[in-house]
Amino acid sequence: MERRMDIEVNGHVFTADMEDNSSVDALFELLEKGPVTIVMEDYADMEKVGDLGATLPRNDMRLDTEAGDVILYQGRSLVIYYDRNTWSLTPLGKITGVSGNILKSVLGPGSVEVTLSIGG
């Protein structure tokens with residue numbers, strides 16, 4: 001069964017196709033209790049990152065990220081990439097059908113509130 005997560009930010013809703021791993025299982029257990037809103041900040045002009053408020057299992061692997069990748073960093077931080085990076089990270093999912101420039105524009109400069117929910 002394919003799982004999806006909705007990511008709402010600044011009036012836009014993006015949908016991410018989720019990976020099949022224990023990190024996503026734990027994230028969906030959290031989301032089954034209701035949507036989760038986190039504050040995300042810019043980092044290194046390539047991503048937004050924010051504390052999930054919970055620690056999830058890690059499934060780190062060396063990844064070459066690209067725009068739209070949704071990643072778990074150090075078990076507690078959710079990352080949305082709008083540019084490329086290579087690092088040891090846990091893949092959570094991929095926002096489809098949107099460019100890095102559009103993601104960066106919608107996520108905006110500075111901090112932003114992002115709401116995660118189980119997608120349809």
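Two strands are said to pair if DSSP finds at least two bridges between them. In this predicted model, strand 6 and strand 7 run antiparallel and are joined by four bridges.

**Strand 7 and its partners**

Strand 7 spans residues 77-81. Besides its pairing with strand 6, strand 7 pairs with strand 4 (residues 47-51), also in the antiparallel sense, over five bridges.

| Partner of strand 7 | Sense | Bridges | Opposite residues |
|---|---|---|---|
| Strand 4 | antiparallel | five | V49 and V79 |
| Strand 6 | antiparallel | four | V70 and I80 |

The hairpin of strand 6 and strand 7 has three residues between the strands, and Q74 takes a positive phi near 55° there.

In a regular strand the side chains alternate between the two faces of the sheet. In strand 7, S77, V79 and Y81 point one way, while L78 and I80 point the other way. Residues on both sides are buried. Because five of the five residues of strand 7 are buried, the strand is largely enclosed by the rest of the structure.

**Helix 1**

Helix 1 covers residues 22-31, and its buried residues are S23, V24, A26, L27, F28 and L31. These buried residues pack against several strands, including strand 1 (4-9), strand 2 (12-18), strand 3 (36-43) and strand 6 (69-73). Strand 8 (85-95) and strand 9 (112-118) are also packed against by the buried residues of helix 1.

Key:
Residues numbered from 1 in each chain as written. Predicted model: local features only at pLDDT ≥ 70, side-chain atom pairs only at ≥ 80, totals over all residues. Heavy atoms only, no water. Buried < 20%, exposed > 50% of the residue type's maximum accessible area, 1.4 Å probe, protein only. Helix = DSSP H or I, 4+ residues; strand = E, 2+ residues; numbered from the N terminus. Contact = heavy atoms within 4.5 Å.
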